[in-house]
Amino acid sequence: EGLCPACSSNQQHRGTAMAAVAVLGATLVVGGALVWLSSMPPTVTYGEHRLDIERADARVRNAPCDGQSALELADLLNKERDHRRTIAVVDAFDEACKPVPRLWWESYAARMQVQDHEGAINDASRLIADSPDDGDFWWWRGKAKREAGDLAGAAADLEKAVELTGPKAYFSALDLVDVREQQQRPCDAVIPMAMVVRHNKDEARKQRLETQLKRLISD
């Protein structure tokens with residue numbers, strides 16, 4: 001206000017330049033964090049995958065937003081049970097780069113291993129948002145909610161998983177049965193258990209699921 005046109009123009013140019021510098025600085029900071037996290041020292045002693053991890057880590061450092069390299073590194077770290085480093089790699093990628101949902105498979109698995117159940121719920125929720133018709137992701141979130149102590153939320157997600165998976169549902173249906181029993185609602189466990197027994201006869205016999213079904217019906 002009150003500036004001559006030339007001064008005003010110069011001020012606008014300075015503002016634009018400062019904004020560009022700020023954006024560039026933020027990008028460098030985030031990119032640098034991604035490189036640092038991807039190359040942080042291992043928290044476990046690596047075995048058969050050590051050399052593959054070193055190669056994948058080098059690719060990530062050279063191309064921080066290469067989703068395939070980040071995925072390969074995260075997968076290898078999980079195989080070596082360096083779960084906390086897996087989480088760091090995925091979180092850094094998410095902060096700096098466009099989303100790659102397949103990476104959340106790896107961070108979900110890692111978070112469940114270190115009992116970061118809220119983080120696992122968040123990963124599963126993002127997978128559901130990206131692919132809402134995939135019953136596995138509802139099952140994953142249900143498992144995480146169960147571990148977090150949210151039995152009602154777990155039951156709702158597991159019911160959705162069974163609904164989406166249909167007659168092929170097995171593990172999600174059995175998890176739903178377990179949650180319903182934890183809730184002391186055996187009647188609500190009858191239908192998913194009956195579906196498992198009906199569509200998985202051989203496995204049901206091995207696991208004596210018919211006996212469990214009869215008990216649920218009689219409770």
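This is a predicted model: local features need pLDDT of at least 70, side-chain atom pairs count only at pLDDT 80 or more; totals for chains, interfaces and linings use all residues.
**Stop 1: helix α2.** Select Arg50 and Glu54. Their side chains meet in a salt bridge, 3.3 Å from N to O. The two residues sit four apart in helix α2 (residues 50–62), so about one helical turn separates them. Now colour by accessibility. Glu54 is partly exposed, at 43% relative accessible area. Arg50 is partly exposed too, at 39%.

**Stop 2: helix α6.** Move on to Asp123 and Arg126. The salt bridge here spans 2.7 Å, N to O. Both residues belong to helix α6 (residues 117–130), three residues apart, or about one turn of the helix. Is Asp123 buried or exposed? Asp123 counts as buried because its relative accessibility is 0%, under the 20% cut-off.

**Stop 3: helix α8 to helix α9.** Select Glu159 and Arg180. Their side chains form a salt bridge at 2.5 Å, N to O. Arg180 lies in helix α9 (residues 171–182) and Glu159 in helix α8 (residues 151–165), so this pair ties together parts 21 residues apart in sequence. Check accessibility once more. Arg180 is buried, with a relative accessible area of 7%. Glu159 is partly exposed, at 37% relative accessibility.

Note on methods
Residues are numbered from 1 along each chain as its sequence is written. Side-chain values use heavy atoms; hydrogens and water are left out. A salt bridge is a side-chain nitrogen of Lys or Arg within 4 Å of a carboxyl oxygen of Asp or Glu. Buried means under 20% relative accessible area, exposed over 50%, partly exposed in between (1.4 Å probe, protein chains only).
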